[in-house]
Amino acid sequence: MNIMNQERSSKLFSLARKSIPGGVNSPVRAFKSVGADPLFIKSASGCRIIDEDDNVFIDYVGSWGPMILGHCHPQVIEAVKQAVESGASFGAPTEREITLANMVIEAVPSIEMVRMVSSGTEATMSAIRLARGYTGRDNIIKFSGCYHGHADSLLVKAGSGAATFGVPDSPGVPADFAKHTLTAEFNSLESVRRLVADNPDSIACIIVEPIAGNMGTIPPREGFLEGLREICTNEGIILIFDEVMTGFRVAYGGAQELYGVTPDMTTLGKIIGGGLPVGAFGGKREIMEMLSPSGSVYQAGTLSGNPLAMSAGIATLSLLKKPGFYQHLEESSRQVAEGISAAAKLAGYPIHATRVGSMLCAFFSPEAVYDWPSAVRCDTVAFAKYFRAMLQEGVYLAPSQFETAFVSAAHSADDIEATIRAAEKCFKLIA
Ligand code: KE4
């Protein structure tokens, strides 16, 4: 196996660590969990990224989800170029914001009104505040292994033992704050029912990734989402689908279209910005109109609805709307997933493979993975070895067992073939 040259990336990484904590602007990029130094990327096109040492990779991270069209789609580039020539930001309302808002509302029927922000974290943080303001309740329920960004109320892990209250999952989160976040198990309605029974009339919302994408890719079990819907309806709890990752990814109308379950609020991000910083949260009109300035729940943002990001989002969604887009993506994603599973089987290495649309994951575990406790039993050392070997073979996977791989419309049959050949070599290495 050729050992690729990483000289310039290594030099840049040591430079970066002098001025940026950990040398990166988001922790997972540091490649810490896969025992390697990060590659510094200088350009990308289609499904390929090129690092500072001119190594070329087939990219399955896609900027963690936004690049569903592939990198540098000409129509997205052109839209952003045109927008920036008229001004980068005004801090005033623009027509583009109405256009993208209406595209989102048309795509996702449960969204009657939507507010644009600049990240998924802002979207979930604001949606939770709005749910608390609308219900007058303080507690929220999230799920182990689900990630909704880094707002204080979401950096919380399940309380120890039988304690239902959350405890901080990061220094800097006050215990008084964390105690309002209750943690259930993904795919376990029983764990939700227990928390609701133990905390009557005090839960403002349940926030869930309808397809968990931040502990690897874990689909909802039959009846799980429907059960959450029923509990929320019966208890007056706001059901928030965090579709920052799944929105416009698994269907044009997101996971709620795929599974036919309607939340009260939805958070979005990633794809709706086409690679530029965007988040959004939306839902029922009566809830959304409680937001300032029409209502009393405060939320704001200097660059919310930024014209460049709106332009990239409008161009992206216009292309996703085209007939046949998701059918094509489904077929190529199926080929990638089946090819990687066959490669593991050929090498005699047991994996548990999951896929929903163009979100996929190979769990390095001989047993089924359906929640955080089963995900955390994966062999992360073996995954790290596989990741490094795939990198050497020119395939850029997410640098963590607990992430999702994304297929884009730009992944060709040849790219998929090359990926599968690489997987065959790499699984043999670790078997
Ligand atoms: P951002 O604040 O990173 O834009 O979005 C937070 C977020 C919210 N909800 C879901 C379902 C998400 O997946 C995310 C962010 N996803 C991670 C990737 N697993 C972002 C990558 C990173 O943190 O660098």
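Q: How do you know that the span of helix H11 agrees with its number of residues?
A: In this predicted model, H11 runs over residues 325-347, 23 residues in total. At 1.5 Å a residue they should span 33 Å, and the end C-alpha atoms are 34 Å apart, so the two values agree.

Q: Which residues of H11 are buried, and what covers them?
A: Among the buried ones are Phe325, Tyr326, Leu329, Val336, Ile340 and Ala347. Their cover includes helices H10 (307-320), H13 (380-392) and H14 (413-430), together with strands E13 (352-356) and E14 (359-363). After H11 comes Gly348, with a positive phi near 70°.

Q: Why is Cys72 in no disulfide?
A: A disulfide needs two cysteine sulfur atoms within 2.5 Å.

Q: What makes Cys72 partly exposed and Cys146 buried?
A: Buried means under 20% relative accessible area and exposed over 50%. Cys72, at 44%, falls in between, so it counts as partly exposed. Cys146, at 5%, is under the 20% limit and therefore counts as buried. Cys146 is also in no disulfide, its nearest cysteine sulfur being that of Cys205, 13 Å away.

Q: What lines the second largest pocket?
A: This pocket holds about 690 Å³ of space. Its lining has 31 residues, with Glu97, Val114, Arg115, Met116 and Pro293 closest to the centre. Helix H3 (95-107) and strand E4 (113-117) each supply at least two lining residues. By class, 16 are nonpolar, eleven polar and four charged.

Conventions: Residues numbered from 1 in each chain as written. Predicted model: local features only at pLDDT ≥ 70, side-chain atom pairs only at ≥ 80, totals over all residues. Heavy atoms only, no water. Buried < 20%, exposed > 50% of the residue type's maximum accessible area, 1.4 Å probe, protein only. Helix = DSSP H or I, 4+ residues; strand = E, 2+ residues; numbered from the N terminus. Expected span 1.5 Å × (residues − 1). Contact = heavy atoms within 4.5 Å. 1 Å grid on protein atoms, 1.4 Å probe; cavity = no way out; pocket = protein on both sides within 12 Å on 5 of 7 lines; lining within 4 Å. Points joined across faces, edges and corners; volume = space filled by probe spheres on them. Nonpolar A, V, L, I, M, F, W, Y, C, P; charged D, E, K, R; others polar.
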